[in-house]
Amino acid sequence: MINYALGGASAYAPKNTLSAFYTALVMGADGLKTEIRLSKDKTAVLFSDDNLENLTGVSGNIWNYTVSQLKDFKVNGKNGFFDRIITLEEFLSVFSAYNINFLLELKVPDADEPALSLINKYRVVKNTVIASRNPDYLKTVRKKCDYVKLGLITDTDGIAEAEMLKEIDGYMICPNANILTHDSLETLKKSGFEVCAHNVTDTELIKNMYSLGVDAMITGFPDKLA
């Protein structure tokens, strides 16, 4: 089972920062899940929200600022600890050296181009899944690339989305752990998908997903899954 750390060990360190990713590896994660957005100058950066304010205290959206401006902002964590926004290239230049898995979520249109380019540049195609909540983003990726693994993130049990994912030769489906059942898991597995539960927020859900037999989980508490 792959232990994907959500934005790194985001329960302990500022999400999608180097400190969170390093902490996740120390805690036993063998996968890193992150979100890709584009800056004003079209650089792929790692950040979960559209708006900067919740995590940085700065008003405005990611696309309102150049990457050099974004790097000046603090991503706030607990107890006054903070870190900085990083680019996708910075992330892969560091963590491609480790024997781990990557789950890269496309949050905006056109983020697929740098994602495809960089996973090829850093030779992590085999251990990378490009994912999205937006099926159209995945369809666009498949038109450009016939070999990359694709994953759909959904807040359902995944059954309704399975047919679409089959049509684009999808690899992984990421249903909501609070909704996934034994029957829906078996249906998804019989359809040939790897099943990665997301929204795994506590130890009871971790135990439940273990008992069901999912292939992977996404959690901000990688130490509880290791």
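Is Phe 91 buried or exposed, and what is its relative accessible area? In this predicted model, Phe 91 has a relative accessible area of 0%. Buried means under 20% relative accessible area, so Phe 91 is buried.

A search of the whole structure turns up 8 aromatic pairs. In one of them, the ring centres of Phe 21 and Phe 95 are 5.8 Å apart and the planes meet at 65 degrees, so this pair is edge-to-face. Because Phe 91 lies in helix 4 and Phe 102 in strand 6 (residues 101-106), the pair ties together parts that are 11 residues apart in sequence. Phe 102 also counts as buried, at 0% relative accessibility. Stepping back, ring pairs join Phe 21, Tyr 22, Phe 91, Phe 95, Tyr 98 and Phe 102 into a cluster.

Rings can also have charged neighbours. Lys 74 lies over the face of Phe 82, 4.4 Å from the ring centre. Likewise, the charged end of Lys 149 is placed over the ring of Tyr 171, at 4.8 Å from its centre.

With a relative accessibility of 3%, Glu 105 counts as buried. Its side chain makes a polar contact with the side chain of Lys 107, at 3.3 Å. Beyond residues up to four places away in sequence, Glu 105 touches several others, including Lys 33, Thr 34, Glu 35, Ile 36 and Arg 133.

The next stop is strand pairing. Strand 1 (residues 2-6) and strand 11 run parallel and are joined by 4 bridges. Strand 1 also pairs with strand 2 (residues 31-38), again in the parallel sense, over 3 bridges. Ala 5 illustrates both pairings: it stands opposite Thr 219 in strand 11, and its bridge partner in strand 2 is Leu 32.

Which residues of helix 8 are buried? In helix 8 (182-190), they are Ser 184, Leu 185 and Leu 188. These residues span an arc of only 100 degrees around the axis, which puts them on the same side of helix 8. The face of helix 8 turned away from the buried side carries the exposed residues Asp 183 and Lys 190. Among the elements covering the buried residues of helix 8 are helix 7 (162-167), strand 9 (172-174), strand 10 and helix 9. Just after helix 8, Gly 192 has a positive phi of about 95 degrees.

Helix 9 can be described in the same terms. At its start, a side-chain oxygen of Asp 202 comes to within 3.1 Å of the backbone nitrogen of Glu 204. Leu 205, Ile 206, Met 209 and Leu 212 are the buried residues named in helix 9. Viewed down the helix axis, the buried residues fall within an arc of 125 degrees, so they line one face of helix 9. Glu 204, Lys 207 and Ser 211 are exposed, on the face turned away from the buried side. The cover over the buried residues of helix 9 includes helix 8, strand 10 (194-197), strand 11 and helix 10 (222-225). Helix 9 is followed by Gly 213, which has a positive phi near 95 degrees.

The tour ends with Asp 215, in the loop between helix 9 (203-212) and strand 11 (216-219). What does the side chain of Asp 215 make a polar contact with? The partner is the side chain of Lys 189, at 3.0 Å. Leaving aside neighbours within four places in sequence, the residues in contact with Asp 215 are Met 1, Ile 2, Lys 189, Phe 193, Glu 194 and Val 195. By contrast, the C-alpha atoms of Asp 215 and Glu 113 are separated by 28 Å, and these two residues are 102 residues apart along the chain.

Notes:
Residues numbered from 1 in each chain as written. Predicted model: local features only at pLDDT ≥ 70, side-chain atom pairs only at ≥ 80, totals over all residues. Heavy atoms only, no water. Phe/Tyr/Trp six-rings, centres within 6.5 Å; stacked < 30°, edge-to-face > 60°. Helix = DSSP H or I, 4+ residues; strand = E, 2+ residues; numbered from the N terminus. Buried < 20%, exposed > 50% of the residue type's maximum accessible area, 1.4 Å probe, protein only. Lys NZ or Arg CZ within 6 Å of the ring centre and 35° of its normal. Contact = heavy atoms within 4.5 Å. Polar contact = N/O pair within 3.5 Å; in protein donor to acceptor, adjacent residues only side chain to side chain. Arc of directions from axis to C-beta. Pairing = 2+ DSSP bridges.
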